[in-house]
Amino acid sequence: MNRIRLSNGMFMAMIVNMIYAKAIGVTQGTISRLIGQDMWIATLLGTLQGLLIIYVLHWAMRRLPGRRITDLPSLGDALLGRWFGHLTALILVGFFLAGFGPIMITFVYHLKDYFLPEVPLAIFIVSGLAVGAIGCYYGLEVMGRLALLGILFIFLLNLLIVIGSIDEFDILNMLPVLEHGLPNALFASVHFDADWALAAMMAALVLPHAQDGLVRGGRFGAAGIAAGGVAIMIWSILEPAVLSAEVSSQYTVSCMKLARNAHVGTFLQRYEMIMIALYSVPVLFEIMFTLYAVSACSTRLFHLKSDKAAILPSAIALGAFGYWIVEDHFRAIRFLENIWPWIALPVAAGLPLLMLLLRLLLQKRTERAAPYPEEG
Amino acid sequence: MPAIRELLLEAFQPSLKDNEALVDAILGSSADLKKRKFALGGDTAVSGLLYYVAGLADSKVVELILRALVVQYRESHREKEGPETADDIVTGLLSNASAKSCSKAEEAITSVLTGDTLVMIEGVGEAIVVVSRGWEDRSIEEPVAENNVRGPRDGFTESIRTNTAHVRRRLRDPRLRFDEMVVGERSKTDVNIAYIEDLVKEGLVEEVKRRIGRIRIDAVLESSYIEELIEDEPLSPLNTVQNTERPDKVASALLEGRVAIFIDNTPSVLLVPTFFWQYIQASDDYYNHYWVGTFYRIVRYVALIISLVLPSIYVMLISFHHEMIPTSLALTIASGREVVPFPVLLEALLMELAFELMREAGIRMPKPIGQAVSIVGSLIIGQAAVQAGIVSPFMVIIVAITGISSFAIPSYSSSLAIRIIRFPLLIASGTLGLLGFATVFFALMLHALSIRSFGESYLAPASPFRARDQRDMVLRMPMWMLDGRPNFAQDEDRIGGRQRPKPPTPTEKG
């Protein structure tokens, strides 16, 4: 069997890319509608919760003597048997299918509403999935490399937005701090939690493939969540400080308003297209990985020999769901704000906690029944 | 009559008549095949026969062989009786640098067709092959497609031995090896695999030999035949095997632990594994001061980006996202496009095709006429097209800058690949705007990220990222900092690190 190899850097980069695209705009818009200028506090609180869950996930998935753990479903196999592995895979299919809705909202509304209003919706869905399918076909390692490139693009994008917005930065717009109180900020952070939830479940599928994933994956995962948090917090500070929370809350994609507002001197008044070009890598990576996750888990569910065979059916299922979600803005916002966080959090926090609990209870029995005792 | 394949497997006999019949049956009668009878030592009782191909064999060497067999044999064998074995004649009589006995027809025939002389003597059960290759070669000239301002001017020629000598002259390392192979059922083309034994990536030589050994082809007329049959990604427009006409480039590649494949009858030598970024590097980068080398390397990276995406971005902005263009610039472009009847995508495609047409015509025509075509095409037709209102002046500028940028890429084959890739990108940008551009661009990027060249990632050392190798990627760091080889080489440390020069201290001055 060809073992996939992701470097620790690739693993961290994948986490950052998976969180970034939706969190800088769509999520910030939602949070600003809830707690106004304290968006950055909610993002910070969300990041801290993400750090905790990624450590829990690593504790659950760390090396299990005598067992070959390739992903979370295989851990389920090891702990309670095949039925539990299949159930885990089914939950992950449902999770990523639902997660594809917000990803498509991010992708389509950025491009359609701001650049190509006349292009049919289906073209966006097909184009995104076509690139995603190519990435899936090439496999995890290529996705990891793309994610590394994505980090460079994210850095440049952040640099451009800072350069273009710094002149209009007004710290007074961020005051008063904690106007709505800490509990409300904590509640609002649920929307950012839904973003790292995708990254955590991605880690659940790729952690064992990372170079030191089973040994030091928690540390690298946490570094990824923290780096993503920092990159996103730049936006959650700029949006209220430059646009004001009031203005940010009026937009579904508030980062685009900030990007459109950015300018360098009088000649370069508009350069959001450069920023959106840089933004394409993380958002396409999200699409790509979601497709990969659904096809990999479906392969397990349907006992297929190769996950390549599952790419096309998975793409069709994701495409149909994505189209249905983004077709109607009201439906999209309802799903984004009222449904998705309540799917994302129970799965992303619940599954790792459940696995950890089961592991603590069943570890000795699992080790005794290990099929590869020599592998330690 | 048995087939030639069967005849080739036959062995030589003591009877000269039988041997002559065998060789005649295989080679037939051909105007350039020469057959010369002689009497060994002038004794008509012991006759002999000599075969060579006129034009391939050096007639002076053939005459030397005849002199040895007819005149010197008589003087040295006055007291001996009868002919000896082929080995005795080779060791005791022939003074040529290379000669050997040969028992099978196949080996003898291949040698004759390579320019050697075949000697057969009555009563001797083996033939003798004397190396007499001596055809006319093209003299050593400056490589046509890889010019430089400073640095060696010698380029490879069509002779494999001259080419290997070029590299041997540069690397007098006893660990430099040239392994020999023959490819082509009919052409029997010599192929040499060059590497430095203690530097080359482990297993690479075996892999190269395995891939070349797998080739079944009539003839190898150019290195591209082998290139297409051994590359990792046969469907990709990107080149995963580098070719060069420069001996210094080959020597440098060997020192990095790579393998060079020399092929007879072509001045192009193949280098593997290869990385995308090497196509942007030129020999001049290392022969000029590192500040200059780095600057021009960055200029070439800019040229790469321009040649790949500039027309697409222009078409995308004009067709879909004109609000992104600064107002004053947008007005200038709009005034130029006012009279143009075509959509910008069609205009760009027409201009790009016209440019490719002029380029192709310039290459195919005789040199002086080719230059005239370029001038007429670029200046007169371009100007006339703008005045006639068929194309906008801005489009002419865009296409011209793109064309010039593509010529700035040192590797001609890669610049061609980039030109081809430009078209789908252009069409996607012109039909779907930013979405089309992003889709095709990222599909290409994914493809480039996925491919390998002889086991090495094509985009390394950028992806996977190798910090140490960045010293010679976008930047060309000073020689005293280039103390590492690529990480696939057996010995990653170059000889002589930490050599940053500095003026002598007063005590050193004495």
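User: Where is Leu64(B) found, and why is Leu64(B) called partly exposed?

Analyst: In this predicted model, Leu64(B) sits in helix α3 of chain B, which covers residues 59-76. Its relative accessibility is 47%. Buried would need a value under 20% and exposed one over 50%, so at 47% Leu64(B) counts as partly exposed.

User: What separates the C-alpha atoms of Leu64(B) and Ser132(B)?

Analyst: A distance of 10.0 Å, with the two residues 68 places apart along the chain.

User: Happy with that! Why is Asn19(B) called buried?

Analyst: Asn19(B) has a relative accessibility of 2%. The cut-off for buried is under 20%, therefore Asn19(B) counts as buried. Asn19(B) belongs to helix α2 (residues 16-27) of chain B. Leaving out residues up to four places away in sequence, Asn19(B) touches Phe12(B), Gln13(B), Met120(B) and Val124(B).

User: How do you know that Leu329(B) counts as partly exposed?

Analyst: The value for Leu329(B) is 31% relative accessibility. Leu329(B) lies in helix α12 (residues 327-337) of chain B.

User: Which domains does the assignment give for chain B?

Analyst: The assignment lists domain 1 (4-130), domain 2 (160-274) and domain 3 (285-457). In chain B, the C-alpha centres of domain 1 and domain 3 are 62 Å apart.

Conventions: Residues numbered from 1 in each chain as written. Chains lettered and ligands numbered in written order. Predicted model: local features only at pLDDT ≥ 70, side-chain atom pairs only at ≥ 80, totals over all residues. Heavy atoms only, no water. Helix = DSSP H or I, 4+ residues; strand = E, 2+ residues; numbered from the N terminus. Buried < 20%, exposed > 50% of the residue type's maximum accessible area, 1.4 Å probe, protein only. Contact = heavy atoms within 4.5 Å. Domains from an automatic or database assignment.
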